[in-house]
Amino acid sequence: MSIWWSLHLRRDAASVPLARRLLLGTMETAGVDPDISYDLSVALSEACANAVEHGGDTARDGASEAFRVTAYLDGEKCRIEVADAGPGFPGATGSRPRPPARPAPSDAEHGRGLCLIRELADHVHIGNKPGRGGAVVSFDKILKWREDAPLVAV
C-alpha cells in the first residue's frame, strides 16, 4: 500500500490545521494506529507553524506567501516534508543539515518546535533547499497498524 499527497498552502495560520486534518484523515482511513497518527500530526503542525512564521520575506514573486507539504505513506513508513521559500536556516547550506537545536526552556512560547519534531519522529532532516533558498524539514516514522486496518501494508 502506498499513498502520497502534496499541498501548496498559503502562509496563513489557517493552513496548519488543514494540513493536520488531511494527514489524520488519511492515516485513519488507511488504518494507522491512532498514537502514531497523533505523533505525526503534532510534528506536522510544528513544521507547518514554522513555515508560516519564518518561511517568507525573500521571494519577490509571491512564492514566499506559500509553503508545500508532502506526505508519503509507503509500506511500513510515513515520510513528511515541509518546504518554504523563506531565508532558510542559518548555518546550513544546500542540503547540509543544520547543527542540532538547543532545547528551549519548558516555559518558552517559541523555539520548541524542531526539538519536538525530533522527539516524535524516528528520523529528521533539517536543512535548506539548494539554489533558490528556503527551508526544508522532513521526518519519518515507522507505522503501526490497527487490527482492523483496511489498507495495511503487505
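A crossing of two helices is left-handed if the near helix is turned anticlockwise from the far one by less than a right angle, and right-handed if clockwise. The model shown is predicted, with local features requiring pLDDT of at least 70 and side-chain atom pairs pLDDT 80 or more, while totals for chains, interfaces and linings use all residues. Residues are numbered from 1 along each chain as its sequence is written, and side-chain values use heavy atoms, with hydrogens and water left out.

**View 1. The chain and its order of elements.** The chain contains 3 helices and 5 strands (DSSP runs numbered from the N terminus: helices are H or I of at least four residues, strands are E of at least two). Along the sequence these elements follow the pattern β-α-α-β-β-α-β-β. Of the 154 residues, 42% count as buried (under 20% relative accessible area, with exposed over 50% and partly exposed in between; 1.4 Å probe, protein chains only).

**View 2. The crossing of helix 2 and helix 3.** Helix 2 (residues 34–54) and helix 3 (residues 113–120) have axes that come within 9 Å and cross at roughly 155° (axes are lines fitted to C-alpha atoms over the stretch in contact, and angles run from 0 to 180 degrees between N-to-C directions). The two helices are therefore roughly antiparallel to each other (angles over 145 degrees). Helix 2 passes helix 3 in a left-handed crossing. On helix 2 the contact (heavy atoms within 4.5 Å) is made by Asp39, Val42, Ala43, Glu46, Ala47 and Asn50, and on helix 3 by Gly113, Leu114, Leu116, Ile117 and Leu120.

**View 3. The largest nonpolar core.** This core has 37 residues (a set of buried Ala, Val, Leu, Ile, Met, Phe, Trp, Tyr and Cys residues joined through side-chain atoms within 4.5 Å). The residues with the most contacts inside the core are Leu40, Leu44, Ile80, Val82, Phe139 and Leu143. Elements that each supply at least two core residues include strand 1 (2–10), helix 1 (15–30) and strand 5 (135–142). Helix 2 gives the most to the core, with 9 residues. Residues up to four places away in sequence not counted, Leu44 touches Ala19, Arg20, Leu23, Val69, Ile80, Val82 and Phe139.

**View 4. The surroundings of Ser138.** Ser138 lies in strand 5 and, at 8% relative accessibility, counts as buried. Apart from neighbours within four places in sequence, Ser138 is in contact with Ile80, Glu81, His123, Val124 and His125.

Terms used. Angles under 35 degrees count as roughly parallel, over 145 as roughly antiparallel, 65 to 115 as roughly perpendicular and the rest as oblique.
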